[in-house]
Amino acid sequence: MSFLRGSANYVWCTTSVLGKGATGAVYQGVNKSNGEPVAVKTFNQVSHMRPQNVQMREFEVLKKVKHENIVKLLAIEEEQEGRGKVIVMELCTGGSLFNILDDPENTFGLEEKEFLLVLEHLTAGMKHLRDNNLVHRDLKPGNIMKFINDDGTTVYKLTDFGAARELEEGQQFYSLYGTEEYLHPDMYERAVLRKPAAKTFAATVDLWSIGVTLYHVATGNVPFRPYGGRRNKEIIYHKKFLMKEPTYCLEK
């Protein structure tokens, strides 16, 4: 069985996994012509079962955004042997912010200087999304990558736009996306507690996730994880509702 897969201009090994999600995986690969290391996102059967317009959203969002705090799109190609499209992106060798926070030396969060860098880069990237009428809908440390420049400086970049979509000012959406600990309370109520709340959501769901993410970066812990972990869902829910929804937007 071969672990090598490829497209017209790139090749990657399925044992070099950078990350996995519900709809696909990201592998480290190389450009066939110059050997440049890249990250390649492939999609699984779950992704291919989604409506065509939903499948295309991630490609459309990545084509639309261009910002130093968003992972750069290099190419969208067809995988050989008819497995569908792949997304080729710049490789962020510093790994994800989640893995950085998981390091024992960051048990109590990042140092202040590094935290302020994350704050600056995260808000700049998110502002670019809103300036282009986009919502991310799955913001968390696992979807923020650390890119290290040739001069050793660090740039934090947003990635994984599988849940992202266009959303005009004042427009609402109904679909449920996101990761449990970082979900807005209204989304948590429907997605996790399975309560029959026919609510719609606005772009402010990203603001909530920004707040939880920054709390995690500053302290090393998420604010709503009770002793029972994910099993004690009602406790998380009531803790969330003790906090007011943010009504402002951070600007650089």
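Colleague: How do the residues lining the largest cavity divide by class?
Modeller: The lining of the largest cavity has 6 nonpolar, 4 polar and 3 charged residues. Here Ala, Val, Leu, Ile, Met, Phe, Trp, Tyr, Cys and Pro count as nonpolar, Asp, Glu, Lys and Arg as charged, and the others, Gly among them, as polar. The model is a predicted one, in which local features need pLDDT of at least 70 and side-chain atom pairs count only at pLDDT 80 or more, whereas totals for chains, interfaces and linings use all residues. Residues are numbered from 1 along each chain as its sequence is written, and side-chain values use heavy atoms, with hydrogens and water left out.

Colleague: Which residues lie nearest the centre of that largest cavity?
Modeller: Arg137, Asp138, Tyr182, Leu183 and Ser209 lie nearest the centre, out of 13 lining residues. A cavity is a set of points on a 1 Å grid over the protein atoms alone where a 1.4 Å probe fits but cannot get out, and lining residues have an atom within 4 Å of a point. Helix α6 (residues 204-219) gives the largest share of the lining, 3 residues. Helices (H or I, at least four residues) and strands (E, at least two) are DSSP runs numbered from the N terminus.

Colleague: And how much space lies in the largest cavity?
Modeller: The largest cavity holds about 70 Å³, the volume being the space filled by probe spheres set on grid points joined across faces, edges and corners. The count is 1 cavity of 30 Å³ or more.

Colleague: Back to Arg137: is it buried or exposed?
Modeller: Arg137 is buried, because its relative accessible area is 5%; buried means under 20%, exposed over 50%, and partly exposed in between (1.4 Å probe, protein chains only). Arg137 sits in the loop between β7 and β8 (144-148). Its phi is near 75 degrees, a positive value in a residue other than glycine. Most residues other than glycine have a negative phi.

Colleague: What is phi of Asn133 near?
Modeller: Phi of Asn133 is near 55 degrees, which is positive in a residue other than glycine. Asn133 lies in the loop between α4 (112-131) and β7 (134-135), and at 24% relative accessibility Asn133 is partly exposed.

Colleague: New topic. Which residue does UniProt list for "binding site"?
Modeller: The UniProt entry, which is unreviewed, lists Lys41; such positions are given in the numbering used here, with feature names shortened, and annotations may be inferred rather than shown by experiment. Lys41 is in strand β4 (residues 37-43) and counts as buried, at 9% relative accessibility.

Colleague: With which side chain does Lys41 make a polar contact?
Modeller: The side chain of Lys41 makes a polar contact with that of Glu58, at 2.8 Å. A polar contact is a pair of N or O atoms within 3.5 Å; within protein, one must be able to donate a hydrogen and the other to accept it, and residues adjacent in sequence count only if both atoms are side-chain atoms. Not counting residues up to four places away in sequence, Lys41 touches several residues, including Val86, Met89 and Asp160 (heavy atoms within 4.5 Å).

Colleague: How many residues line the largest pocket?
Modeller: The largest pocket is lined by 44 residues, with Lys20, Lys140, Gly142, Asn143 and Asp160 nearest its centre. A pocket is an open set of points with protein on both sides within 12 Å along at least five of seven lines. The space in the largest pocket is about 1,200 Å³.
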